[in-house]
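Please read them with the model open.

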Amino acid sequence: MSAEDLEKYETEMELQLYREYRDVVGLFKYVIETERRFYLTNQYELHVRSADGEVFFELAMADAWVWDMYRPARFVKNVRVLTFKDVNVEELTKSDLEMPSGNDGFGS
């Protein structure tokens with residue numbers, strides 16, 4: 001596989017992932033971002049923990065969707081994340097979900 005073929009494949013996968021995101025985002029209430037992943041979910045628990053003088057976050061989600069183009073299935077029943085990095089939680093509003101008509105951001 002050439003570098004050009006690989007780049008084309010990754011571009012197609014990203015477009016497919018974006019379109020799937022666009023189709024499912026309306027099903028969820030929260031967007032959660034960690035240093036490694038981006039999630040959509042309707043319920044989560046976030047706890048600040050401490051061990052041996054280090055502070056970390058424990059995040060649990062149920063029935064989530066994960067932004068990861070390399071996963072064969074992006075819907076996950078339960079997710080547990082432990083991280084020393086920031087966790088960003090945003091509640092979606094109806095205006096966040098509105099897309100400009102006829103434009104998916106990729107020129108199609």
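**Notes on Glu58 and strand β4**

1. Glu58 sits in strand β4, which spans residues 54-66. Keep in mind that this is a predicted model.

2. Is Glu58 buried or exposed? The relative accessible area of Glu58 is 18%. The cut-off for buried is under 20%. Glu58 therefore counts as buried.

3. Which side chains make polar contacts with the side chain of Glu58? One is the side chain of Arg49, at 2.8 Å. Another is the side chain of Arg80, at 3.1 Å.

4. The surroundings of Glu58 are worth a look. Neighbours within four places in sequence are set aside here. Glu58 is then in contact with Glu45, Leu46, His47 and Arg49, and also with Arg80, Val81 and Leu82.

5. Next, the pairing with β3. Strand β3 covers residues 43-51 and runs antiparallel to β4. The two are joined by 9 bridges. Ala60 in β4 has Glu45 opposite. The hairpin of β3 and β4 leaves 2 residues between the strands. In that hairpin, Asp52 adopts a positive phi near 55°. Please check Asp52 in the viewer.

6. Strand β5, residues 75-83, also pairs with β4. The sense is antiparallel, over 8 bridges. Met61 has Val79 in β5 as its bridge partner.

7. How many bridges pair β2 with β4? Strand β2 (residues 38-41) pairs with β4 over 2 bridges, in the antiparallel sense. Trp65 in β4 stands opposite Leu40.

How values were computed:
Residues numbered from 1 in each chain as written. Predicted model: local features only at pLDDT ≥ 70, side-chain atom pairs only at ≥ 80, totals over all residues. Heavy atoms only, no water. Helix = DSSP H or I, 4+ residues; strand = E, 2+ residues; numbered from the N terminus. Buried < 20%, exposed > 50% of the residue type's maximum accessible area, 1.4 Å probe, protein only. Polar contact = N/O pair within 3.5 Å; in protein donor to acceptor, adjacent residues only side chain to side chain. Contact = heavy atoms within 4.5 Å. Pairing = 2+ DSSP bridges.
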